[in-house]
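Colleague: I would like a close look at one part of this model, the contact between the two chains. Please take me through the helix packing there.

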Amino acid sequence: MAEKHKPAPMVDEVSEFEILELAVRELAIEKGLFSADDHRRWAEYMETIGPAPAARLVAKAWVDPEFKKLAVADGIKASLEVGIDWINDMPSHFGTPSDYCNLRVLEDTPKLKHVVVCTLCSCYPRPILGQSPEWYRTPNYRRRIVRWPRQVLAEFGLQLPEDVEVRVEDSNQKSRFIVLPLRPEGTEGWSEEQLAEIVTRDCLIGVALPRADRKVDDKRPVHPAVKPVKHH
Amino acid sequence: MSDSSDNDTGADPRRTLPDLDTSPIPLLEKVRKEGRVWDDLCEQYGVDNPNPPWKVYLDSTCEVLAEHNCALPLLERRWEEDELSEDIYMDVPFPERQLLALAHSMIRRGLMDEEELARRMEAVDRRLNSA
């Protein structure tokens, strides 16, 4: 007997915030600030991007020394090999105000760890890494990572030996960055596909290190808050 | 050993911007106080999507406002969002506070006014809740 199809749970309620978002958008379109079609194309594009291409770029660099040289020398050109065209993929076809076309791939070494921030706002290499996480946008992270990088990395669970230099790269209107971390032990003989599975978003920002025993889609433990915040 | 940033010029370009009026806007205050945030809705309905479905549209609105006519430059919007997020929208979670900050910036910049936004919200409310 066929299993009964169970619909996924959904929010069956229209919130004031949902109404506000649509009202702002409709008024902006009516006033000619942008067109409905431009908006739709952006939304469609936004839903296609994520960190998988950057993970593939790192995995390819780990197994192919020539590609690694290319990635470090010309991140935009290397991106093409993992299917990302920084110029023509964008709805505007000339990059965007927030995604300028200069990707730099920062190679970690045993004595050098890179981490990425945008101290001015929240610039992020979205074409190859998707939307930034909320913490990346917060003034807390942006102010503190440049002043106390070691302490902030420790808060992410990344304790680095004292003899490892931490270099914070500040995104700006001209450049975007991703980190090429060291290939972890225990991954000898792995395929590119296997390697890509352990390169998480946080590894690519530089606040975590890839591990052979942790995949991107692993379930993470959830620890309930001791004092959960209630908004209402 | 040096723990360093590559862009520490000491200059903050936002200082050249005119001050944003961060005083509360009654319509947005009402949404802030009465609107149900995504976390609460998820808990009630057993949904685990990290973001509300409207977030992608909000992000798109922010992008297209910075394109073409550049009605609201991206950096200025982000700085205003930072300022408002540390002030009157501090107790609102993300991305709801991003939305409130965007609407606040647009009203204060004269891109739309509070009354017409209130009227449009009423119309949208009727439309979405009519089914």
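Modeller: Start with how the packing is described. Axes are lines fitted to C-alpha atoms, for helices over the stretch in contact, and angles run from 0 to 180 degrees between N-to-C directions. Helices (H or I, at least four residues) and strands (E, at least two) are DSSP runs, numbered from the N terminus. This is a predicted model: local features need pLDDT of at least 70, side-chain atom pairs count only at pLDDT 80 or more, and totals for chains, interfaces and linings use all residues. Residues are numbered from 1 along each chain as its sequence is written, and chains are lettered from A and ligands numbered from 1 in the order in which they are written.

First, the whole contact. Chain A puts in 51 residues and chain B 57; two residues are in contact if their C-beta atoms, placed from the backbone, lie within 7 Å. On the side of chain A that touches chain B, helix 1 gives the most, with 13 residues. By class, that side has 25 nonpolar, 10 polar and 16 charged residues. Here Ala, Val, Leu, Ile, Met, Phe, Trp, Tyr, Cys and Pro count as nonpolar, Asp, Glu, Lys and Arg as charged, and the others, Gly among them, as polar.

Now helix 1 of chain A (residues 16–30). Its partner is helix 6 of chain B (residues 114–128); the two pack at about 120 degrees, with axes 9 Å apart. That angle makes the pair oblique. Angles under 35 degrees count as roughly parallel, over 145 as roughly antiparallel, 65 to 115 as roughly perpendicular and the rest as oblique. The crossing of helix 1 of chain A and helix 6 of chain B is right-handed. A crossing is left-handed if the near helix is turned anticlockwise from the far one by less than a right angle, and right-handed if clockwise. From helix 1 of chain A, the contact residues include Ile19(A), Leu22(A) and Glu26(A). Those they meet in helix 6 of chain B include Arg120(B), Met121(B) and Val124(B). By class, this helix contact has nine nonpolar, no polar and four charged residues.

Next, helix 2 of chain A. Its axis comes within 9 Å of that of helix 3 of chain B (residues 55–66), and the two cross at roughly 125 degrees. This makes helix 2 of chain A oblique to helix 3 of chain B. Their contact includes His39(A) and Trp42(A) from helix 2 of chain A, and Tyr57(B) and Glu63(B) from helix 3 of chain B. Six nonpolar, three polar and three charged residues make up this contact.
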